[in-house]
Amino acid sequence: MNNKDKKPFYITTTLPYVNAAPHVGFALEIVQADAIARYKRLQGTEVFFNTGTDEHGQKIYQAAKAKDQKVEAYVDHYAEQFRTLKGLFGLSINRFIRTTDVGHIAAAQELWKRCEAKEDIYKKKFKGLYCVGDEMFLKEGDLVNGKCPNHPTMDPVEIEEENYFFKLSAYQEKLLAYLDRSGVVLPEWRRLEAIKFIEQGLEDFSISREVGRMNWGIQVPGDDTQVMYVWFDALTNYISTLQWPDESGDFKKFWQDGEVFQMAGKDQVRFQSIIWQAMLMSAGIKNTDTVIYHGFINSGGQKMSKSLGNVLSPYDMIEVLAPFAGDFATDALRYYLLRHVSMYDDADMTLETLKEAYQANLANGLGNLVSRIMTLSEKHCDPWEGLPETKLATDIDASIAVFDIQKAMNAIWDAIGMLDAEIQQTEPFKVIKVDEDAGRELITRHVQLLYTIAESLTPFMPTTSEKIMGLIKQNKKPEKPLFVRLT
């Protein structure tokens, strides 16, 4: 397929709520998305990569008041912390959107108007249990021991008020038809989870809140007594970032005519694959092509929480690695998240498991391999030219095609292991002493294989990849190990 025949590719993370600093769970999602975006670009595909911050809702309003801050100043502070992830992880994002942006507010109000014109929005009085943590009303069947399963330490609040509702129940059959396709949700068991939830019966849900109770939100069009439910507002970012409701330009290229890919945590199935898709149907907009759901990162066998003191900050983890990995500390954390954390299942991570993986696979593995090969090459060989065909890239293509980044990383490290074993077996450092031509031929082969490995690392560890390829082109050994051993 020619590059001009490739569909543009749109990829987005969820928007993290700005009621706390970034944690490693969101870092996982955004690094996975970045790896996929980079890989697609290497294939010659035009990519739009979106992320940003979700800044409205009751949780944020309460958090700001608890700190005696103006809500605007509170969200500005935390939004900037999430924005700095771009530099921290070397992210290749095209847009960082905030749900307080003027353009996003206009888009959310336009989406409301279109759903309302479809007669999918109506107003009624309602009484129910509300989870502030999820910013949603709960059904009796949702409760576990009388509480929200996602927030077992928080008591649901009984609320009675008049709200606007969205006719989710009207989209039951259409949603089942949308989900009746392998690959529309990954992994497969999350697709089945969505189908099961729908088959149990969909209920209309509240999409506004009374200003008298909570005024930090986007005003409902034509009703200054109500603000939009935070989810109705926030989900719209996936198209507002493309300048919708302008249906030309980026929206047409990447959403309407392109391949639309969303990433989210496993607790988002109801929102991303049911509620959001029904909203799109109501507004007459194309549905998402694929949503991939990753698991959670636990720490020390427990879910990360502030009360337990086991929340891992990506900033702190980079700080731990920086004295040893220097400019490659970001890549060292990217390596761990992309190889040692499952794409779909929960994983456990601590500073100790991070250090162990760094020592074994980066310091003693890749870093040591680069130093050994390039030391011999600089001393005995001319600058290298040409790249042989290998099976490695094919293995990675097959893995990324099904969005299995972990499998792609394992393929690269298998190649690293095989190259290291070949060096141990062939001993080029001995061969060069007795047969100069044979030794040079052997060293050149190892340099070529190392270049293939470095090139394969480009979407996953971009700084490391660039450095290794640069050393090979200059035929120089590194001045110091790329990944210094931990002391």
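**Figure 1. Antiparallel pairing of strand 9 with strand 11 in the predicted model.** Strand 9 (residues 208-210) and strand 11 (residues 223-228) are antiparallel partners joined by three bridges. Strands here are DSSP runs of E with at least two residues, helices are runs of H or I with at least four residues, and both are numbered from the N terminus. Two strands are said to pair if DSSP finds at least two bridges between them. Within this pair, glutamate 210 has glutamine 226 of strand 11 as its bridge partner. Residues are numbered from 1 along each chain as its sequence is written, and side-chain values use heavy atoms, with hydrogens and water left out. Because the model is predicted, local features need pLDDT of at least 70 and side-chain atom pairs count only at pLDDT 80 or more, whereas totals for chains, interfaces and linings use all residues.

**Figure 2. The hairpin of strand 10 and strand 11.** Strand 10 (residues 219-220) runs antiparallel to strand 11, and two bridges join them. Glutamine 219 has valine 227 of strand 11 as its bridge partner. Two residues lie between the strands of this hairpin, in which glycine 222 adopts a positive phi near 80 degrees.

Figure 3. Strand 14 (residues 297-299) is antiparallel to strand 15, with two bridges between them. Asparagine 298 is bridged to lysine 303 in strand 15. Strands of a sheet pair through backbone hydrogen bonds, in either the parallel or the antiparallel sense.

**Figure 4. The cis peptide bond between leucine 186 and proline 187.** Omega of this bond is near 0 degrees. Proline 187 is placed in the loop that lies between strand 7 (185-186) and helix 7 (188-199). Most peptide bonds are trans, and most residues other than glycine have a negative phi.

Figure 5. The peptide bond from tryptophan 244 to proline 245 is cis, and its omega is near 20 degrees. The phi of glutamine 243 is positive, near 70 degrees, although the residue is not glycine.

**Figure 6. Asparagine 475, a buried residue in the segment after helix 19.** Helix 19 comprises residues 462-474, and asparagine 475 is placed in the segment after it. The phi of asparagine 475 is near 55 degrees, a positive value in a residue other than glycine. Asparagine 475 counts as buried because its relative accessibility is 7%; buried means under 20% relative accessible area, exposed over 50% and partly exposed in between, with a 1.4 Å probe and protein chains only.

**Figure 7. Overall setting of the close-up views.** The protein has 19 helices and 16 strands. The C-alpha trace spans about 90 × 50 × 40 Å along its principal axes. Of the 487 residues, 55% are buried. Among contacts (heavy atoms within 4.5 Å) with a separation of 6 or more, 76% are between residues 24 or more positions apart.
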